[in-house]
Each structure stands twice: as C-alpha cells, then as structure tokens.
There are 2 protein chains.
Amino acid sequence: MNQTIVQCDAIQSLRDYLQPLRREGKRIGFVPTMGYLHAGHASLVSRAKQECDVVVLSIFVNPLQFGPNEDFSRYPRDLQRDKEIAAQAGVSVLFTPSVEEMYPQKILTTVSVAQVTEPLCGRSRPGHFDGVATVVSKLFHIVGPDAAYFGEKDAQQLAVIEQMVTDLSMPVTIVPCPIVREQDGLAMSSRNVYLSAEERDQALVLSQSLQKAREAIEIGETSAATIRDGIVRMIEAKPLAVIDYVEVMEYPALKTVETLESGQRICVALAVAFGKTRLLDNLIMRIS
Amino acid sequence: MNQTIVQCDAIQSLRDYLQPLRREGKRIGFVPTMGYLHAGHASLVSRAKQECDVVVLSIFVNPLQFGPNEDFSRYPRDLQRDKEIAAQAGVSVLFTPSVEEMYPQKILTTVSVAQVTEPLCGRSRPGHFDGVATVVSKLFHIVGPDAAYFGEKDAQQLAVIEQMVTDLSMPVTIVPCPIVREQDGLAMSSRNVYLSAEERDQALVLSQSLQKAREAIEIGETSAATIRDGIVRMIEAKPLAVIDYVEVMEYPALKTVETLESGQRICVALAVAFGKTRLLDNLIMRIS
C-alpha cells in the first residue's frame, strides 16, 4: 500500500514541517541513509513505524565520510526508485539535502569518537568515523528525532553512534536493527550492485563463514584465534576475495578478545574486498 | 525581588522538569556558567528573561576545558551565594550537575572546531576549546534551549560556539551579550577574586589600553601594528603584567588583520597574567 510522502530538500522546510508535529506530541523516528535503498533500509523504516508516529528518512551521500580514493563519486544513486521504496515502506518524510545545503561553507567542526573508532574499519578508512559522527550529529540536530534506527550490518558505526549519543547526552534513543540478507545469505548493501556475477557468487562465503563460526561457538569453541582462522581459511579459498580484516571483539566496546567468556557479547566482524567492492558482514551474539 | 528557583543536580530531573514546559510552547533560554556568579552573568540572565519564558542557568566547572597546570581545582566555587544571585537575577531553573553526573564514564567523544580555535587562547591553552565545545554541545543536548546567552568577554569562545552551532545545525540561537565592567573598568570575571590589591590596581591597564585603542581607531588609525604597539607599551609599563597576547583580528573569523578597513568587524583581544591570574579583555567594534 502506497502512501503520500513529503519530500524536503531544505533544512528549514523540514524543520517547519516537523515542528507542529512535535508540538502535538508526535513521536518522530529517523532513518538516516545514503540512499539506493534496499530491504535492509525498509526493515529500519518498518521498525520505526511500529514505534513512532512520523518516520523521517534522509538520503545524503556524505562526502565527509569518504576517503580520497573511495567511491564517493560513483556511489549508486537513484532518487526516483528510492522514493518509491520509501513510500512503500511507510516513510512519512523524505529529507534529501544537497551537499551545498548540508555544508554551505567548509565545515570546521568535527565530532570524533576515540577507542571504538580505532580498530576494524577505523584502521582501513582513516577519518571515516569522524565523517559519520559529524554528519549524524548534524542530522540529529536537524531532525530532532525521538528514536533513530541503524542496521547492525555496520556494527562499528552503530557502536560509534551509541558512544557519541551517550557521551554527548543527545536526546535520542538509538535502536539497533538486525542484518537483512538476500535469500542466499548475502548481507544487503547498496554496494552489492557493484559486484560482477562471479564476485557476488564468491561473496557468499562471508555469511557462510560467519554461520560456521556461530555453529562452532554454539558447540563450545572459545578460542578467538581458532574462530578467526576458520573464517580466514574459508574466505581465502575464494580466489577473488582479498581480506581487509577478520576480528573477534567485545561488542560494543570493540576490544580484542582472546578467549570467549560466558555472558560476553561479541562481534565477529569482517571486511573483504571482491574486485573494487569492499563488503562488510558480521555476527553479533551473546556467549551462553 | 526574589523568586523561587528550582535546582536540579541530575540530567534526567532537569529533562523531566523542562519537557512539559517545552510542550506548552514555552521558550527556553539558557545561560551556561562555571559559577561564582557576578554581574556579567546576571546581565546574561536579564537578557534571557527579556526573550524567554524559562531561564535555565547551569553551574558546572568543566574539567575538560582546563589544562593539567591550570586552575581547575582552585577555581572559585560558592553555590549558596550563586543560588542567591541566580534567584535575584530571575533564573527559573538552576542545573548543578557533578562531574560524575556529566561524565559517568571517561568521555570518548570530542567536538572540535578548526581555525577559529587556533590563535589567541587556543595557542596558549591547547585542548581548551575542545573541552568548551564538547561540554557546551552536551549541555545544549541536555537543556534543549531555544536561545543561549554568552558574554563577549570570552570573544573567542563565543566565536567557537557560533561556528559549532552553524556547522552542526544545532537548533539554538546564540545571543552575544556585551562585557560588563566594574565601575573602574575591570571586566567582570570569576577569576578577579584571585587578584591581590596591587595586581587588581595594575590590571586596570587592560580596559584603559583598549579604551585608548578605541579612541585611536575612531579618529582614523588603521594600522593594526600601531594599535597593538600602543596597547603593549601601556601594559608593559605595569611591572606585574605579563602579556600572553595582544592581537587585532577580524571577528568572528579570527583572522589576523594588518590594515583596518571600513565595514570590517574587528576584535582587539588581549590576555595578560598578573601573578598567577590570567585575565582576558577585548574590544569588538565595526570600523566605520
């Protein structure tokens, strides 16, 4: 069932639209995205709709979070298709600012989070999480949401946002949502569109190796090194795969773990490139 | 005329108090301070009262903005006196969190502003403005003010906050308020209490030298070096004075100026130590 959707390109027009709703006591849910929407995003909207009266989805490919040799300019964009998916999913307001609207002058302010940004993608993509924290902070100030919805697929991003919100007492509840996968197990990502048929086929090893890791942990494996090695061996068997990292860490503190302990919440996180496409996947679980 | 004042030590109790007022559409004004209130703070409250329905004043000596050899532990504190001054001035809500309430765990998030933080106090007090921007950002998230009031005495701090608010689209209006002076011209500061009688007497040279600079500019002096030299000579004539900086800069961009130009807004800013006490003063004016 389609519904009408309001689209705002300007910060002020979005504020003007939301202000009376907030005054009426409506609960505002927010799903920040970089567009090229897929079922993962739709699941965030769906969760937001359950909990809020108004769902705002932003589409903004944020230049601050891309490194100089990354895919900012070729990041996939299709606003018309996004609008249809957003309306279908139940978004009330689409916020689609331009780079000029978000950064009319060079932005001099940076929000940085220490520690949780250091391992994993923070190591491979210097400055990336500063860009993420800064834009999410700005978007929160613009939208003023009661709750914001983030996918666990970007587990480190979620940990960074949670840390920022806690540290800066931002008046928003962060709601983590589970990874949504294709039928064959590939984690949904806007970047999957970059994959050739052969790369996509080999990329199934990511979810498969995490599934094996889960099974090993469930039957009592407690050595992080053994878990890690099992995953690395499976991925390295795929000729197109180039591992960036495979790590077992406490979550959300993102500290390295050697021996899994009962009650611990862990994240088995991986980043692997297939050709020019770098994919993330992870498994977050509590050790029983 | 005294009025009842509500005091909150906890973030949640402050939020609970303000939330219904916000829902009713009351305009919330905010005056962040480090306490040991004086007539300068009272002038901020007075301005806030003119423009808002509810005035929140926070007292928090923020450890993040003090360097290791600075005066955090001996910074003057007198809550009982502050409560009286705040009530007298018309504060509705006093927010007095402890360090543990503000930073229950080590804070990992930093808000940094580039460029405007580099000269002046940013050079003498590395990390100071990161501490200021971070705590002000957190206080804004806690209080959720419509407007916040800052004294021009801390001209660089004001420039930093304005830059942060613009860059991060914080939904708050920053209201700069003029310096309040003692009868003899000394700019009000909580740190004036540190001064010996002799130091306090010699410290009058700060406002006097700025007054001379204003007169020189008003009769057509356009050389920043000449203005600066005149001030330096006056201050150096005082045996207890140790100059940290005397600078003539565009305001609020805080870029060095060589020749004053018509229409330009400038700040003549100085920091001078008398004994262990470092005082600030400045003159902000538009060149006619």
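**Close-up views of helix packing and a strand pair**

**View 1. Helix 6 (residues 128–143) of chain B and helix 7 (residues 155–167) of chain B pack at an angle of about 55°, with axes 10 Å apart.** This arrangement makes helix 6 of chain B oblique to helix 7 of chain B (roughly parallel is under 35 degrees, roughly antiparallel over 145, roughly perpendicular 65 to 115, and oblique the rest). Contact (heavy atoms within 4.5 Å) involves B:Phe129, B:Val132, B:Ala133, B:Val136, B:Ser137 and B:Phe140 of helix 6 of chain B and, from helix 7 of chain B, B:Gln156, B:Gln157, B:Val160, B:Ile161, B:Met164 and B:Val165. By class, 9 residues of this contact are nonpolar, 3 are polar and none is charged.

The model is predicted, and local features require pLDDT of at least 70, whereas side-chain atom pairs count only at pLDDT 80 or more. Residues are numbered from 1 along each chain as its sequence is written, and side-chain values use heavy atoms.

**View 2. Helix 8 (residues 197–218) of chain A packs against helix 9 (residues 224–236) of chain A at about 155°, with the axes 9 Å apart.** Helix 8 of chain A is therefore roughly antiparallel to helix 9 of chain A. Residues in the contact include A:Leu206 and A:Leu210 of helix 8 of chain A and A:Ile227 and A:Ile231 of helix 9 of chain A.

**View 3. Strand 2 (residues 28–33) of chain A pairs with strand 3 of chain A in the parallel sense over 6 bridges.** DSSP must find at least two bridges for strands to pair. A:Phe30 stands opposite A:Val56 in strand 3 of chain A. In strand 3 (residues 54–59) of chain A, 6 of 6 residues are buried (under 20% relative accessible area, with a 1.4 Å probe and protein chains only). A:Val54, A:Val56 and A:Ser58 lie on one side, and A:Val55, A:Leu57 and A:Ile59 on the other.

Conventions: Chains are lettered from A and ligands numbered from 1 in the order in which they are written. Axes are lines fitted to C-alpha atoms, for helices over the stretch in contact, and angles run from 0 to 180 degrees between N-to-C directions. Helices (H or I, at least four residues) and strands (E, at least two) are DSSP runs, numbered from the N terminus. Buried means under 20% relative accessible area, exposed over 50%, partly exposed in between (1.4 Å probe, protein chains only). Ala, Val, Leu, Ile, Met, Phe, Trp, Tyr, Cys and Pro count as nonpolar, Asp, Glu, Lys and Arg as charged, and the others, Gly among them, as polar.
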